[in-house]
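Subject: Structure handover

Hello,

Here is the structure you are taking over. Please open it first, and then read the notes below with the view beside you.

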Amino acid sequence: MCMPLWYGGDYNPEQWPEEVWAEDVALMRRAGVNLVTVGVFSWSRLEPSEGRYTFGWLDRVLGLLADGGIRVGLAVPTASPPPWFSLAHPDALTVTRDGVRLTHGSRDTYCVSAPAYREASLRITRALGERYRDHPALAMWHVHNEYGTPCHCDHAAAAFRAWLRERYGGLDALNDAWTTAFWSQHYSDWAQITPPRATQYLPNPAQALDFRRFVSDEMLAHFREQRDLLRELTPEVPVTTNYVLAGWASVDHWKWSTEVDLVAIDDYPSGPGMAAAEQTAFAADLARSWAGGRPWLLMEQATGYVLGPRKGPKEPGEIARHSMQHVARGSTGVMFFQWRASRGGAEQWHPGMVPHTGPDSRVFREVSALGEALERIPAPYDGPLVEAEAAILWDEEAWWAAQGPGLPSSEIDYLAAVQQAHRVLWRQGVPTCFAHPSHDLPAYRAVLVPSLYLISDEAARNLAAYVEGGGTLVVSFFSGITDEHTRIRLGGYPGALREILGITVEEFRPLGEPVELPEFGRATLWSEVVHLDGAEAVARYPGGGPAVTCHRLGDGTAWYVSTRLDDPGYAQVLTRAGLAGSGVPGVEVVRRRDLVFAVNHTEDERPVPVQGTDLITGKPVGGRLGPGGYVVVRP
Ligand code: GLA
């Protein structure tokens, strides 16, 4: 089935006088917008007091949009409870780990375990569902916003205990899993267990990890409640929620992705330039992998950079290039936060598709040109999207564990390690996906395992089977160290992977100063005392100990990198492992089913290995791409 790509963004008409709405719809049509997300933060305008609804304004907004041919992702506004709710139910306000009860006045001031919040969420969801179930503008439901706010209150504690009972059955199993023999933490009654609240010194790492798991599951339970209600009212309308990315792994996205009808991500690269292009490709590859061959959607991006100390517009052409990176990887559309830049409120400096200057602006012209371009690209709706040659293991649980207290180096950074692996492959033009450590690993040219601190026995067996079957595995330092309860696997590191890698690590030696490795460049952060148990040394530390090793196992090969290499050094390992790509530097070529997307992220003309007619301009592609240009070709 071929449908047009979605194009649009968050539309917050409640921030504007009604006269602006008609102009909004006219401008949306001019820009080619066909979908807007409405009402994400409208709870106080929809239900100004308990059980009293004021839908008139939303009726008018949806009517205007429907008349303009613009569809709506209608939000369930539970991410921002209104002040009346918080005053009536102070016990439903977030409590931080320090025991501070937050107050309303921002957003996300809820405890997802508070009964009053759960009830109020269902009430507003039902009211919206019943009122708009047959509305012609309704295209999808957008539940909540960027789930991920933990709470440490007594409601959360009770729910955490219930979750732990389910997981462990009895206290003996929990005491064992959490190693409570350490520091006199043995629990003799469930009532003694709390979330990891502020305490004197280092917290228990297994408790902290289980709490992260619990928060993800508890939020998922909240999502499911809204989703099931909406499915009952509108069985044909997909239900989604937008994942937050960047440095914040709030939930277990693999698990969540089996529950949403549409995987949707928010992507805010810290940019600009090549770093932003790399981060965009990373986010889009993650989303595509979570979606597992199903459609997914870029639900939010921005026309400017919003993270970090300086906010500024994207460079000319970047909005379109980033958008094409997502569409190339199978996004069924391009959405922004937000349609019109706010004039007041906490995000008044967050850019919009219509900037403060108004439509007579470079940004709006670029937004409109992008809308026109997207109309010419058919959307993918079924079948595998992009054939990956390499997979990188990605596991939020391992990330959470690697954020635990008292690690041998405070500079271990799981996200940075995974991003490096992806960046190096991206620069070499190797199509890449992500996989959960326990997922089937089909015949990828290689599977990369960056700093996967926690690994289950099942995952270790999975990796062994992949290598024995002929695969190439590239494992980096600080992988395979603990079991799922963050208990260290004894007998030499990396416990779960020793046999696969043919090595035993006797000691970790975090580095202060960098060291040089012949052929593999500069090593920083980390080093190890590695003994060979069948593997051969490919590179050695200045003192002579193995630094990079290679082990034949069955029909495959397992490589180990026992330190943090810089990008050229890591690329060299991949080349030696047979994973060199043939990409043109700075030019990205992605094949999405029968279409080839080429994007030139550089300021120079570059060669592109693409022939055919550009669907956007109708012109032939002559094997070269101008500075900052992109083409979409059906070869
Ligand atoms: C997130 C949120 C939006 C908005 C943007 C601004 O992605 O979902 O509501 O706050 O960030 O950066």
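**The barrel**

Eight strands close into a barrel, and they follow the order β1-β2-β3-β4-β5-β6-β7-β10 with parallel pairing. On average, neighbouring strands of this sheet are turned by 25° against each other, direction ignored. Please keep in mind that this is a predicted model.

Strands of a sheet pair through backbone hydrogen bonds, and the pairing is either parallel or antiparallel. Thr 37 has Gly 73 in β3 as its bridge partner.

**Two spans from the record**

UniProt, in an unreviewed entry, lists residues 388-577 as "domain: Beta-galactosidase trimerisation". In the model, this stretch is 24% helix and 29% strand, and its end C-alpha atoms are 17 Å apart.

UniProt also places "domain: Beta-galactosidase C-terminal" (unreviewed entry) at residues 586-634. That span is 0% helix and 61% strand, with 22 Å between its end C-alpha atoms.

**Strand β20 and its partners**

Strand β20 covers residues 546-553, and seven of its eight residues are buried. β20 pairs with β19 (residues 536-540) through four bridges, and the two strands run antiparallel. Within this pair, Ala 539 stands opposite Val 548. β19 and β20 form a hairpin with five residues between them, and Gly 544 in the turn has a positive phi of about 110°.

Strand β21 (residues 556-561) is joined to β20 by six bridges, and this pairing is antiparallel. Here Cys 550 stands opposite Trp 559 in β21. The hairpin of β20 and β21 has two residues between the strands, and Gly 554 takes a positive phi near 55°.

**Backbone exceptions**

Most residues other than glycine have a negative phi, and most peptide bonds are trans.

- Asp 108 has a positive phi, near 60°. Asp 108 sits in the loop between α4 (83-88) and α5 (115-132).
- Glu 519 also has a positive phi, near 80°. Its loop lies between β16 (515-517) and β17 (521-524).
- Gly 271 and Pro 272 are joined by a cis peptide bond, with omega about 0°. Pro 272 is in the loop between β6 (262-266) and α10 (274-291).
- Tyr 493 and Pro 494 are also joined by a cis peptide bond, with omega near -15°. Pro 494 belongs to the loop between β14 (472-476) and α16 (498-501).

Is Asp 108 buried or exposed? Asp 108 counts as buried because its relative accessible area is 14%, and the cut-off for buried is under 20%. Glu 519 has a relative accessible area of 48%, so Glu 519 is partly exposed.

**A surface patch**

Which residues make the nonpolar surface patch of about 460 Å²? They are Phe 182, Trp 183, Tyr 201 and Leu 202. Leu 202 lies in the loop between α7 (171-177) and α8 (205-233). With a relative accessible area of 33%, Leu 202 is partly exposed.

Regards

Definitions and conventions
Residues are numbered from 1 along each chain as its sequence is written. This is a predicted model: local features need pLDDT of at least 70, side-chain atom pairs count only at pLDDT 80 or more; totals for chains, interfaces and linings use all residues. Side-chain values use heavy atoms; hydrogens and water are left out. Patches are made of residues with over 30% relative accessible area and no salt bridge: like charges are joined within 9 Å, nonpolar side chains (Val, Leu, Ile, Met, Phe, Trp, Tyr) within 5 Å. Accessible areas come from the Shrake-Rupley method with a 1.4 Å probe; for residues, only the protein chains shown count as cover. A salt bridge is a side-chain nitrogen of Lys or Arg within 4 Å of a carboxyl oxygen of Asp or Glu. Buried means under 20% relative accessible area, exposed over 50%, partly exposed in between (1.4 Å probe, protein chains only). UniProt positions are given in the numbering used here, feature names are shortened, and annotations may be inferred rather than shown by experiment. Two strands pair if DSSP finds at least two bridges between them. Axes are lines fitted to C-alpha atoms, for helices over the stretch in contact, and angles run from 0 to 180 degrees between N-to-C directions.
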